[in-house]
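Please open the model in your viewer and keep the selection tool handy. We will go from stop to stop, and at each one you will hear what to select and what to look for.

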Amino acid sequence: MGSRTLTGPQLFLLGGSFLITLGSFAVLPYMSVLLHDRFGLGLSVVGVVLAVASLVQFSGGVVGAALAARIGLRATMLVALAVRTAGFAAFVPGLTRPVVAVAALFLVSCGAALYLPANKAYLVAGCGPERRPGLLAASGSAFNAGIALGPPAAAPFVLTSPAGLFTGVAVLFALVGAGHVLLPSVADEGGGGGVRDRAGDADGAAAGSRLPPFAFTVLAVYVFMFFQHYLALYAVPRTSTAFYGAVLMGYAILLVVAQPLLARRLAALPYAAALRLGFGAMAAGTAVLALGGRAGIAVGAVLLCLGEIVLFLKNDLEALARSAAPSATVFGRQRLAAGLGAFAAAVVGGQLYGVAERAAAVPVFWLVVSAQAVVLPALLVVWAGGSARRRAGDRPGAAHPPPRPRPGQPAPHTNAPTGDRGHPAPR
């Protein structure tokens, strides 16, 4: 999507998305080190704090969507950025007060929860379905570029001069927030109003039309977060820290470049086919990781990147197409789904990896993840099909088979003309 197709506010939001994640990920990846080494918190406490903060950041998107419905998209983004600016600024006095540092982390998480649904909804406001894929893919690339560059940019300062780092990030957020003041107000429009769903039922694409994007977002993030959380533990001892860093950098570059290039093709792909492709890529990628070595880890990361591109973008597009709710509400629900998936992966993954490590069979961990990427979506498809059949049977006016005649009685009949399948023809 060329820049000539973007409006000024859209270009600003994409640039702001990059700066926001650049500043956030200059700090957040190092929080475990800061909370434990600098603030002296125990590892068990650190784990609980980070888990709750992550859950707030994701699930709070529903609150952000509700706020956007009440005060508008631009106002919600301004509130969110003010909260995050205050959070990063509060880290400075928090350097000597652990309670203040934890409160600052939760402020930052709350700000992120409020911002993202409004940001995405503003980006696609007034755009038809044909433009949404490119815009959302560009947004994802901007966020991922900031995620990739933030940690190495902050590495020289995070332990030696954290006060300066926190101050710089707070100033960055204040400047980005000031730019948001200049954005024009826009109305948050609904999604596709269920058009995609009804069309799928009409043309017989029942399998694709019944699959719930919320549930598949939970599963996609659940599978992906095993890779996100445990690749470092697996890859560094088998290769090197430098190789692991190169894999992460290559992953980020591939994600940033490929997602916009594939956006239109993914938008045109039937939902059921996209799910098969995305979960298939994740299943194959985690299975290849079990091979270990540089080649296995690199190829596995590429396949998982493909799965992320397909599933994360397609689920958002499908959720928009099926819902008549405001776009911010749709994105808020999708953030909640992502939070549930990430939380479940954190709970399950630690147990699975610990068992595999104690059994000296860590590659089996990735095979178990691969099996989940195949089995869990298949079970959800079966469940969705059964639920759809039950709803169809309970629908008023649904056809029910006539009672069987008793022996010696004539079969019941109808005077209505019949169609080619024996059902009453439409009048």
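A word you will need throughout is burial: a residue is buried under 20% relative accessible area, exposed over 50% and partly exposed in between, using a 1.4 Å probe and protein chains only. Before you start, note that this is a predicted model, in which local features need pLDDT of at least 70 and side-chain atom pairs count only at pLDDT 80 or more, while totals for chains, interfaces and linings use all residues. Residues are numbered from 1 along each chain as its sequence is written, and side-chain values use heavy atoms, with hydrogens and water left out.

**The whole chain**

Show everything as a cartoon. The protein has 16 helices and 0 strands; these elements are DSSP runs numbered from the N terminus, with helices being H or I of at least four residues and strands E of at least two. Of the 427 residues, 46% count as buried. Now think about contacts, meaning heavy atoms within 4.5 Å. Among contacts with a separation of 6 or more, 81% are between residues 24 or more positions apart.

**Stop 1: helix H8**

Select residues 162-181, which form helix H8. The expected span of a helix is 1.5 Å times one less than its number of residues.

Start with Thr 167, a residue of H8. Is Thr 167 buried, exposed or partly exposed? Thr 167 counts as partly exposed because its relative accessibility is 39%.

Next, colour the buried residues of H8, including Leu 165, Phe 166, Val 169, Phe 173 and Val 176. What covers the buried residues of H8? The cover includes helix H1 (8-24), helix H2 (31-38), helix H5 (73-94), helix H6 (98-124) and helix H7 (132-154).

Finish with His 180, also in H8. His 180 is buried, with a relative accessible area of 0%. Show its surroundings, leaving aside neighbours within four places in sequence: His 180 is in contact with Phe 12, Leu 13, Arg 74, Met 77, Leu 78, Leu 81 and Tyr 115.

**Stop 2: two helix pairs**

Two packed helices are described by the angle between their axes and the distance between the axes. Here axes are lines fitted to C-alpha atoms, for helices over the stretch in contact, and angles run from 0 to 180 degrees between N-to-C directions. Angles under 35 degrees count as roughly parallel, over 145 as roughly antiparallel, 65 to 115 as roughly perpendicular and the rest as oblique.

Select H7 together with helix H12 (residues 241-268); their axes come within 8 Å and cross at roughly 175°. H7 and H12 are therefore roughly antiparallel to each other. Among the residues making the contact are Gly 140, Asn 144 and Ala 148 of H7 and Met 249, Leu 255 and Gln 259 of H12. For residue classes, Ala, Val, Leu, Ile, Met, Phe, Trp, Tyr, Cys and Pro count as nonpolar, Asp, Glu, Lys and Arg as charged, and the others, Gly among them, as polar. By class, this contact of H7 with H12 has 11 nonpolar, 5 polar and no charged residues.

Now pick helix H4 (residues 61-71) and H15, whose axes come within 7 Å and cross at roughly 170°. That makes H4 roughly antiparallel to H15. The contact is made by Gly 61, Val 62, Ala 65 and Ala 68 of H4, together with Ala 328, Thr 329, Gly 332, Arg 335 and Leu 336 of H15. These residues divide into 5 nonpolar, 3 polar and 1 charged.

**Stop 3: salt bridges**

How many salt bridges does a search of the whole structure find? The search finds 2, where a salt bridge is a side-chain nitrogen of Lys or Arg within 4 Å of a carboxyl oxygen of Asp or Glu.

Show the side chains of Lys 120 and Asp 316, which meet in a salt bridge (3.1 Å, N to O). The pair links distant parts of the chain, with Lys 120 in helix H6 and Asp 316 in helix H14 (residues 293-322), 196 residues apart. Lys 120 is buried at 17% relative accessible area, and Asp 316 is buried at 11%.

Then move to Arg 322 and Glu 318, whose side chains also meet in a salt bridge (3.1 Å, N to O). Being 4 residues apart in helix H14, they are separated by about one helical turn. Both Arg 322 and Glu 318 are buried.

**Stop 4: two loops**

Go to Cys 127, in the loop between H6 and H7. Cys 127 counts as buried, at 8% relative accessibility. Apart from neighbours within four places in sequence, Cys 127 is in contact with Gln 10, Arg 132 and Leu 135.

Last, select Ala 360, in the loop between helix H15 (327-358) and helix H16 (362-394). Ala 360 has a positive phi of about 55° although it is not a glycine. Ala 360 is exposed, with a relative accessible area of 71%.
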